[in-house]
Amino acid sequence: LRSCSPGRARRTNASRRACLVARFGDIYAQERLDAETLLRTYISDMEMVQRIIYIAAVESFHAAKMAYRQFKIRVRETLSLGHSGPESLEDTVLDYIVRHEDLYDVQASVNEVIRSMNINPKISFPPEIDFIVISTLIRELCRVAFSMQTLAPPLDVAFGTDGELFSETKYHRSFDSDFTAALVAYHVWPALMENDVVIVKGEAVTKR
């Protein structure tokens with residue numbers, strides 16, 4: 001094992017959080033639009049394109065959280081063999097993960113996301129094309145989601161369902177929404193949450 005600096009994760013929590021929240025915003029502004037442009041070459045239906053991207057985002061967080069849990073278990077098992085303090089084993093584990101996030105097998109998560117998307121009944125794709133075309137977006141989302149699990153408290157995306165009551169605190173309405181409609185027709189981008197509090201609004205389409 002490589003050496004680690006005790007308490008590093010907690011000391012850098014605020015600055016890492018700020019960077020990750022900013023990165024999440026950058027992905028929305030850049031990689032999301034790149035993926036949208038790419039998908040439009042295969043799919044004419046804009047709603048389907050936006051649904052695909054939203055589901056990719058939610059599934060990326062799910063896959064990254066699962067990978068983080070498994071990674072943390074392995075690190076804890078290894079470090080517990082020689083742990084003596086002065087910091088707690090949990091702090092030592094977290095420090096190690098923060099220092100060695102490059103050991104995260106992001107490609108395995110990307111593959112898991114694509115597998116999940118292939119069996120999702122809400123989205124469809126021309127049979128000659130694969131969701132791998134938006135793997136750049138998925139990879140960046142998995143990376144940021146994995147890193148967000150090392151924060152205290154960790155960050156996550158909100159769970160959204162079609163037909164839910166539109167929440168002004170959780171979402172911006174898309175420009176093509178019916179601004180008088182009370183229900184969400186579908187989601188464009190998930191909200192970012194910290195302890196059930198919205199820290200970055202998502203985007204949703206409302207229609208009657």
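## A tour of helices and rings

What you have open is a predicted model, where local features need pLDDT of at least 70 and side-chain atom pairs count only at pLDDT 80 or more, while totals for chains, interfaces and linings use all residues. Residues are numbered from 1 along each chain as its sequence is written, and side-chain values use heavy atoms, leaving out hydrogens and water.

**Stop 1: H3 and H4**

H3 covers residues 31-40 and H4 residues 46-80 (helices are DSSP runs of H or I, at least four residues; strands are runs of E, at least two; both are numbered from the N terminus). Their axes come within 10 Å and cross at roughly 135 degrees (lines fitted to C-alpha atoms over the stretch in contact, with angles from 0 to 180 degrees between N-to-C directions). Now show the side chains where they touch: Arg 32, Ala 35, Glu 36, Leu 39 and Arg 40 from H3 make contact with Met 46, Val 49, Gln 50, Ile 52 and Ile 53 from H4 (heavy atoms within 4.5 Å).

**Stop 2: H2 and H7**

Next, pick H2 and H7, whose axes also come within 10 Å, crossing at roughly 160 degrees. That makes H2 roughly antiparallel to H7. On the H2 side, click Arg 16, Leu 20, Val 21, Arg 23, Phe 24 and Ile 27; they meet Leu 137, Glu 140, Leu 141, Val 144, Ser 147 and Met 148 in H7.

**Stop 3: the rings**

How many aromatic pairs are there in the whole structure? A search finds 6 (Phe, Tyr or six-membered Trp rings with centres within 6.5 Å; planes under 30 degrees apart are stacked, over 60 edge-to-face, the rest tilted).

Zoom in on Tyr 28 and Trp 189: their ring centres are 5.7 Å apart and the planes sit at 55 degrees, so this pair is tilted. Tyr 28 belongs to helix H2 (residues 13-29) and Trp 189 to strand S3 (residues 184-189), 161 residues apart. Tyr 28 is partly exposed at 27% relative accessible area, whereas Trp 189 is buried at 1% (buried is under 20%, exposed over 50%, partly exposed in between, using a 1.4 Å probe and protein chains only).

Now jump to Tyr 68 and Phe 146, an edge-to-face pair with 5.4 Å between centres and 75 degrees between planes. Tyr 68 is in H4 and Phe 146 in H7 (residues 135-148), 78 residues apart. Tyr 68 is buried at 7%, and Phe 146 counts as buried at 1%.

Last, select Phe 24, Tyr 28, Phe 61 and Trp 189 together: ring pairs link them into a cluster.

How values were computed. Angles under 35 degrees count as roughly parallel, over 145 as roughly antiparallel, 65 to 115 as roughly perpendicular and the rest as oblique.
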